[in-house]
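Please locate each residue as it is named before moving on to the next point.

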Amino acid sequence: MTEFTMDRLRENLEALKMKNTLEILDNYLERAVADKLNIVEVLDHIFSEEAKSKRRRAYEKQIQMSGFPIKKTLDDFDFSFQPSIDKRQIDELATMRFLENGENVVFLGPPGVGKTHLASALGLVAAQHRFSTYYINCHQLIEQLKKAHFENRLPDKLKVLAKYRMLIIDEIGYLPMDIQGANLFFQLIARRYEKTSTVFTSNKTFSQWNEVFADVTIASAILDRVLHHCTVINIKGESYRLKERKEFMRQKQQIVNTLFLQGNN
């Protein structure tokens with residue numbers, strides 16, 4: 001193969017944006033010649049690697065745009081510490097069938113039990129399957145909707161938020177919501193109802209959502225749409241943060257005891 005042909009090949013690969021092939025080409029062609037591979041084997045390897053690279057880059061871009069606060073997977077979750085969770089139920093959610101069916105998921109439980117971890121981990125799985133995914137804190141969501149309403153661009157904002165195949169709304173009930181915020185929240189849920197999937201986390205029971213949304217009628221309308229096609233995961237375990245705090249204090253006390261014994265000796 002002449003240098004001219006190689007230069008033209010590189011130019012064409014660059015024009016086609018086949019970045020991975022451009023990077024591996026020289027070394028791989030040398031190996032292909034040494035191993036006496038035929039043209040079909042060469043093309044199969046090059047295109048397989050290129051496709052793999054494109055999927056990886058698409059996934060990384062999706063994760064970057066999704067706004068996840070943590071990037072922990074389901075494998076990182078300590079199910080033994082939260083026995084109230086049925087791991088089989090989480091594994092079923094990880095198949096993304098609920099997403100295909102436009103169903104919702106709600107994680108309920110006190111602060112620190114892993115609600116955000118599980119919701120974000122499902123988001124990572126969705127991103128791996130090339131589903132558009134977006135995470136947002138509930139308070140931030142309401143502030144963004146209010147801002148859009150004030151600037152007369154609420155329909156556009158709702159359209160953007162309604163298109164995500166998975167929208168994760170975290171920490172419902174941690175901060176108070178006024179009647180305007182509740183109305184805006186309802187509009188978003190109504191737009192997504194039975195079309196796309198929403199994953200919610202909340203430290204409030206459903207009976208307390210009347211207080212969260214400042215109006216019984218709005219709260220009932222929201223709950224009706226959220227729970228119609230929904231999996232509810234009620235976590236009743238201890239806080240991971242308290243667990244880590246206790247472990248830190250235990251280790252600290254061990255160090256103090258060790259130093260005390262060494263001092264007496």
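This is a predicted model: local features need pLDDT of at least 70, side-chain atom pairs count only at pLDDT 80 or more; totals for chains, interfaces and linings use all residues.

**Two helices in contact**

Y59, Q62 and I63 in helix α3 meet L124, A127 and Q128 in helix α6. The residues of this contact between α3 and α6 divide into 4 nonpolar, 2 polar and no charged.

**How the helices pack**

- Two packed helices are described by the angle between their axes together with the distance between those axes.
- Helix α3 covers residues 39-66 and helix α6 covers residues 115-128, and the pair packs at an angle of about 140 degrees with the axes 9 Å apart.
- Where α3 passes α6, the crossing is right-handed.

**The chain as a whole**

- The chain contains 12 helices and 5 strands.
- Of its 265 residues, 38% count as buried.

**Aromatic rings and charges**

- A search of the whole structure finds 5 aromatic pairs.
- In the pair formed by F206 and W209, the ring centres are 5.4 Å apart and the planes stand at 70 degrees, which is over the 60 degrees required, so the pair counts as edge-to-face.
- Ring pairs also link F206 and W209 with F185 and F213 into a cluster.
- W209 has a relative accessible area of 0%, and it therefore counts as buried.
- The charged end of K163 sits over the ring of Y164, at 5.9 Å from the centre of that ring.
- The charged end of R225 sits over the ring of Y193, at 6.0 Å from the ring centre.

**Residues with a positive phi**

- Most residues other than glycine have a negative phi, and the residues in this group can be read against that background.
- M96 is not a glycine, and yet it has a positive phi of about 70 degrees.
- M96 lies in the loop between α4 (87-94) and α5 (97-100), and it counts as buried because its relative accessibility is 1%.
- R130 likewise has a positive phi of about 70 degrees although it is not a glycine.
- R130 lies in the loop between α6 and β2 (133-137), and with a relative accessible area of 55% it counts as exposed.

- E211 belongs to helix α10, which covers residues 209-212, and at 59% relative accessibility E211 counts as exposed.
- Although E211 and P176 are 35 residues apart along the chain, their C-alpha atoms are separated by 8.4 Å.
- P176 and A214 are 38 residues apart in sequence, while from C-alpha to C-alpha they are 8.2 Å apart in space.

Note on methods. Residues are numbered from 1 along each chain as its sequence is written. Side-chain values use heavy atoms; hydrogens and water are left out. Axes are lines fitted to C-alpha atoms, for helices over the stretch in contact, and angles run from 0 to 180 degrees between N-to-C directions. Helices (H or I, at least four residues) and strands (E, at least two) are DSSP runs, numbered from the N terminus. A crossing is left-handed if the near helix is turned anticlockwise from the far one by less than a right angle, and right-handed if clockwise. Contact means heavy atoms within 4.5 Å. Ala, Val, Leu, Ile, Met, Phe, Trp, Tyr, Cys and Pro count as nonpolar, Asp, Glu, Lys and Arg as charged, and the others, Gly among them, as polar. Rings of Phe, Tyr and Trp (its six-membered ring) pair if their centres lie within 6.5 Å; planes under 30 degrees apart count as stacked, over 60 as edge-to-face and the rest as tilted. Buried means under 20% relative accessible area, exposed over 50%, partly exposed in between (1.4 Å probe, protein chains only). A charge sits over a ring if NZ of Lys or CZ of Arg is within 6 Å of the ring centre and within 35 degrees of the ring normal.
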